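I opened this entry to keep track of what I looked up, one item at a time. The starting point is a single residue and its contacts.

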Amino acid sequence: MNAPARSGVLGRAAAASVALVLGVATATGIFVAKIARSYANPNNPNSGTGLTEPDDGGGFNGFGQVSQQQDQQPAGRSHGS
Amino acid sequence: MTANDLWFTARGAGLSALLTLSVATACGALGSLPTSAPGTRVVVQYLHRTAAALGIGLIVVHVSTIVLDSKSHIGAAGALVPFAAHYRPSAVAIGSCTAYLLLVVAALGLARGRLAASPAGARLWRLAHSLGYLLWAMAVLHGMLAGTDRGQGWVVLLITGCVLLVLAAGSVRLLTLEEQAAESTGPRLAGRPIGSASRPAGRQPRNVLR
């Protein structure tokens, strides 16, 4: 591959990489915004699906609050123990 | 910055990492196809490396924000030590093991020039780098089992799209390799595959790995 052809290919590769970086940054922003919006809607059944399973030993309840019951327990202990 | 921003960022970065690693895996499958033009191969391999580096960066953001977020109750031990998390320990362990192995594959990828200098080294390198497919599958599994947004329609669409993208790229690669194998075991002309007879004398592939 001669020098002009090589620089052309490298230019295309660099442009594609920059486009990928911008695309991923935009996608990440959209994902975070969608997740935040779903949490802002208490009617959304998915908004409460955080780390709240009975066997998870407490944690984030999906609304940005730790419940009182969970708060009283040492982190990592299950509700039954 | 609200109290939940770390939590939202952790989850957004996790989903974005899955998307980016899917692009990296697909580009890796397509980037070394012997049928594509050299220029296209260079662009796709650049994209493969950029996407892989971005994916690892997003995993670092995903893990560090989860560790820093006191409300998630995962903690450094839960995130870094497999099966130490109290929340879905197996699902989280799949994620942490995937991250560690991904670092190994990335390090091997960086050392490609040295490792693949000989045919035996190239075979070994290719085998080790193929671990990326398994790691991508483990990342999908981690997202499906541990992800708290997995029930949302757009997340299901995202995961489905990622799976289809990699399956399509993997299928193209497998079909091309099969065709290539069929050509090389087919009728030969003076001990060389017919397809290689058109290669100009003295012109050989520059790299053992293609």
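I began with Ala51(B). Setting aside neighbours within four places in sequence, I found Ala51(B) in contact with Leu20(A), Thr20(B), Val23(B), Ala24(B) and Cys27(B). I note here that the model is predicted.

**Core**

I next looked up the largest nonpolar core. The core holds 47 residues, and Leu18(B), Ala26(B), Cys27(B) and Ala51(B) touch the most other members. I then listed the elements that give two or more residues to this core: from chain A, helix H1 (3–40), and from chain B, helix H1 (5–31), helix H2 (38–68), H4, H7 and helix H8 (153–184). Which element gives the most to this core? H1(B) does, with 15 residues. As background, I wrote down that nonpolar side chains tend to be buried together in soluble globular proteins.

**Chains**

For chain B I counted eight helices and two strands. Read from the N terminus, the order is α-α-α-α-α-α-α-α-β-β. Chain B has 210 residues, of which 35% count as buried. I also took the contacts in chain B between residues at least 6 apart in sequence, and 64% of them join residues at least 24 apart.

For chain A the secondary structure is two helices and zero strands. Chain A has 81 residues, and buried residues make up 19% of them. Of the contacts in chain A with a separation of 6 or more, residues 24 or more positions apart account for 7%.

**H4(B) against H7(B)**

I took helix H4 (residues 89–110) and helix H7 (residues 131–146) of chain B as a pair. Their axes come within 9 Å and cross at roughly 155°. An angle over 145 degrees counts as roughly antiparallel, so H4(B) is roughly antiparallel to H7(B). I recorded the crossing of H4(B) and H7(B) as left-handed.

I listed the residues that make the contact. H4(B) supplies Ala91(B), Val92(B), Ile94(B), Gly95(B), Thr98(B), Leu101(B), Leu102(B) and Val105(B). H7(B) supplies Leu131(B), Gly132(B), Leu135(B), Met138(B), Ala139(B), Leu141(B), His142(B), Leu145(B) and Ala146(B). Sorted by kind, the residues of the contact of H4(B) with H7(B) are 13 nonpolar, four polar and no charged.

**H7(B) against H8(B)**

The axes of H7(B) and H8(B) come within 11 Å, with a crossing angle of roughly 165°. That angle makes H7(B) roughly antiparallel to H8(B). The crossing of H7(B) and H8(B) is left-handed.

From H7(B), the contact with H8(B) is made by Trp136(B), Val140(B), Gly143(B) and Met144(B). From H8(B), the residues are Ile159(B), Cys162(B), Val163(B) and Val166(B). I sorted the residues of the contact of H7(B) with H8(B) into seven nonpolar, one polar and no charged.

**Loop between H3(B) and H4(B)**

I looked here for positive phi values. Most residues other than glycine have a negative phi. Phe83(B) is not a glycine, yet its phi is positive at about 70°. Phe83(B) sits in the loop between helix H3 (75–80) and H4 of chain B. Is Phe83(B) buried or exposed? Phe83(B) is exposed, because 11 other C-beta atoms lie within 10 Å and 12 or fewer count as exposed.

Arg88(B) is a residue other than glycine with a positive phi, near 40°. Arg88(B) lies in the loop between H3 and H4 of chain B. I found 19 C-beta neighbours inside 10 Å for Arg88(B), which therefore counts as partly exposed.

I also checked Ala84(B), in the loop between H3 and H4 of chain B. Ala84(B) is partly exposed, with 17 other C-beta atoms within 10 Å. Not counting residues up to four places away in sequence, Ala84(B) touches Ala77(B) and Gly78(B). The C-alpha atoms of Ala84(B) and Ile74(B) are separated by 8.9 Å, and the two residues are 10 apart along the chain.

**Gly113(B)**

Gly113(B) counts as exposed because it has 10 C-beta neighbours inside 10 Å. I took Gly143(B), 30 residues apart from Gly113(B) along the chain, and found their C-alpha atoms separated by 33 Å.

Terms used. Residues numbered from 1 in each chain as written. Chains lettered and ligands numbered in written order. Predicted model: local features only at pLDDT ≥ 70, side-chain atom pairs only at ≥ 80, totals over all residues. Axes fitted to C-alpha atoms, helices over the stretch in contact; angles between N-to-C directions. Helix = DSSP H or I, 4+ residues; strand = E, 2+ residues; numbered from the N terminus. Parallel < 35°, antiparallel > 145°, perpendicular 65-115°, else oblique. Left-handed = near helix turned anticlockwise from the far one by under 90°. Contact = placed C-beta atoms within 7 Å. Nonpolar A, V, L, I, M, F, W, Y, C, P; charged D, E, K, R; others polar. Core = buried A, V, L, I, M, F, W, Y, C linked by C-beta atoms within 7 Å. Buried ≥ 20, exposed ≤ 12 C-beta atoms within 10 Å, placed from the backbone.
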